[in-house]
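The following note is meant to be read beside the model. Please keep the structure in view while going through the numbered points.

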Amino acid sequence: MAKQSNLTTPTSLPDFMYNVGDRIDLLKRLLKVLDNPDKQFKIIHICGTNGKGSTATMIAAILRQLNYRVGTFTSPFIGTLYNGIQRNFSDISKAQFDSEMAKIQHVMVRPEFNHDMLSEFEAQFVVAMLFFADHPVDYVVLECGLGGELDATNAVSNTMYSVFTEIGLDHLGILGNTVAEIATTKSKIIRQGNTTITAPHQRPEAFQILKSQAAAKQATFLSADQIHLTSTQVEGLQRIVSFQSAIVNQIQGKFMFGLPGTYQLENLANVLTWLNDFSSKTSVPTKHFDQILTAALGHLVIPGRFEQISTMPTIFLDGGHNPDGMAAFVSSVDELYGDRPKIIINGFLKDKEYQPAVKSLLTLKNASFIVTEPQNQKRELDAVKLSHVYRKLTNETIETFEIPIDALKEAIHRAHGLHDKPTIFVVGSFYLLNPIRSYILAKGVDLHEN
């Protein structure tokens, strides 16, 4: 059985098998043989193009504040493989991961699987389901991978919620080539009779497709457009958010919100729409929403989502890796940092729509740029090729570095030499953010010691 003996080492597996045969049938059969671990908890399924990780983390944080046991499965992971599978915000251990992988290996060698192989993502998903069953949780917040009909996470038996963030153009040719085609693919995660929620300002074609699919599945359909938010910046990057719902329950209140990216307000509207419905199904005390939300979200940090990772110098990390994600990042930088000087470190995967993303970046005021390469040998966009895009749009030569840490050191050197200290932003692929984030966390306050 080719490679199957290496199943306990996930990096030995193919990283992508999204459209190779009937993956969902394979995973459903595997989960059944493993006694359907996915039936041991209620699932909140998160799908969309941008904002999935933030939405998932906020929902999980609120559930924890309500004293529920919570499993989270997120991708792409930030840091190590084990960060993507968490119980009550604690990573699965290597020993626990390996133990669950061994169970999968034991089953996959059976004749009925006929030499089938799992991809890395599929194996991680099944490990998560086993882990959450073996270490009981009440709810699992399950983030899609690519998302939709053929996504590994769609092998689960049932879901309580399908929550859709903004749907835009990404993974073209795999999920579809238009917003409508992509929305159709993603809409297939909606389950019979569940509650389906869509983000505010969803593109009209995506909105109608989600609404129609929910109706076909007799699912309750809710739009986050019914949540009205206002925010006021307070100390640091925190803000006070006031909210009011026009949906059943009429929840309203005011709380401290700690996520600095202005695009997080749209994700927050989605989360509050979920909470409004969840509170009607459970015993959540609505009169205490302000305290619950401040405690859950007031100091929340989401790695790689407009994350301030250093203060000397000031460095932010953001995984804006497609046109919509980059536009949201640029909007946040404009609102929070305006004309102040900025150094942007940028790198993309070659299979992303990076040219329109670069155009968005170039609208930033008082910004200089450094180009580098994500750490993914199969998919990284060559830094020189990306610099040619910048040169074509600006007629300027952009400094390039093959290694992300070298790009970071150059940015810190530049910042150190300027009187008006610039803010450094690292934006693009999560494969770019990961090595830089690990380096900064290891160096701590000694970043100037290059």
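1. L142 belongs to strand β5 (residues 139–143); here helices (H or I, at least four residues) and strands (E, at least two) are DSSP runs, numbered from the N terminus. The model is predicted: local features need pLDDT of at least 70, side-chain atom pairs count only at pLDDT 80 or more, and totals for chains, interfaces and linings use all residues.

2. Is L142 buried or exposed? L142 counts as buried because its relative accessibility is 0%; buried means under 20% relative accessible area, exposed over 50%, and partly exposed in between, with a 1.4 Å probe and protein chains only. Apart from neighbours within four places in sequence, L142 is in contact with I43, I44, H45, I46, F73, F125, M129, T153 and V156, where contact means heavy atoms within 4.5 Å. P422, by comparison, is 280 residues from L142 in sequence and 38 Å from it in space, C-alpha to C-alpha.

3. Strand β5 takes part in an open sheet of 8 strands with mixed pairing, in the order β4-β3-β2-β5-β1-β6-β7-β8. At the edges stand β4 (90–91) and β8 (220–223), each with a single partner strand, so one side of each has no neighbour in the sheet. Strand β3 (residues 85–87) runs antiparallel to β4 and is joined to it by 2 bridges; two strands pair if DSSP finds at least two bridges between them. Q86 has D91 in β4 as its bridge partner.

4. A second open sheet deserves attention. It has 6 strands, ordered β12-β13-β17-β14-β15-β16, and its pairing is mixed. Its edges are β12 (307–311) and β16 (399–400); each has a single partner strand, so one side of each is left without a neighbour in the sheet. Strand β15 (residues 367–371) pairs with β16 in the parallel sense over 2 bridges, and V371 stands opposite T400 in β16.

5. Where does S187 lie? S187 is found in helix α5 (residues 179–187) and is buried, with a relative accessible area of 1%. A polar atom of the S187 side chain lies 2.7 Å from the backbone oxygen of T184. Not counting residues up to four places away in sequence, S187 touches F164, I209, L210 and Q213. The buried residues of α5 are V179, I182, A183, T185, K186 and S187, and they pack against β1 (42–47), β6 (161–164) and α6 (204–216).

6. On a 1 Å grid over the protein atoms alone, a cavity is a set of points where a 1.4 Å probe fits but cannot get out, and a pocket is an open set with protein on both sides within 12 Å along at least five of seven lines; lining residues have an atom within 4 Å of a point. The largest cavity has a volume of about 50 Å³, and its lining consists of F73, T74, S75, F77, L81, G84, I85, F121 and Q124.

7. The second largest pocket holds about 270 Å³ of space. Its lining has 18 residues, of which T57, T74, N83, Q86 and P303 lie nearest its centre. Helix α2 (residues 52–65) supplies the largest share of this lining, 3 residues.

Technical notes: Residues numbered from 1 in each chain as written. Heavy atoms only, no water. Polar contact = N/O pair within 3.5 Å; in protein donor to acceptor, adjacent residues only side chain to side chain. Points joined across faces, edges and corners; volume = space filled by probe spheres on them.
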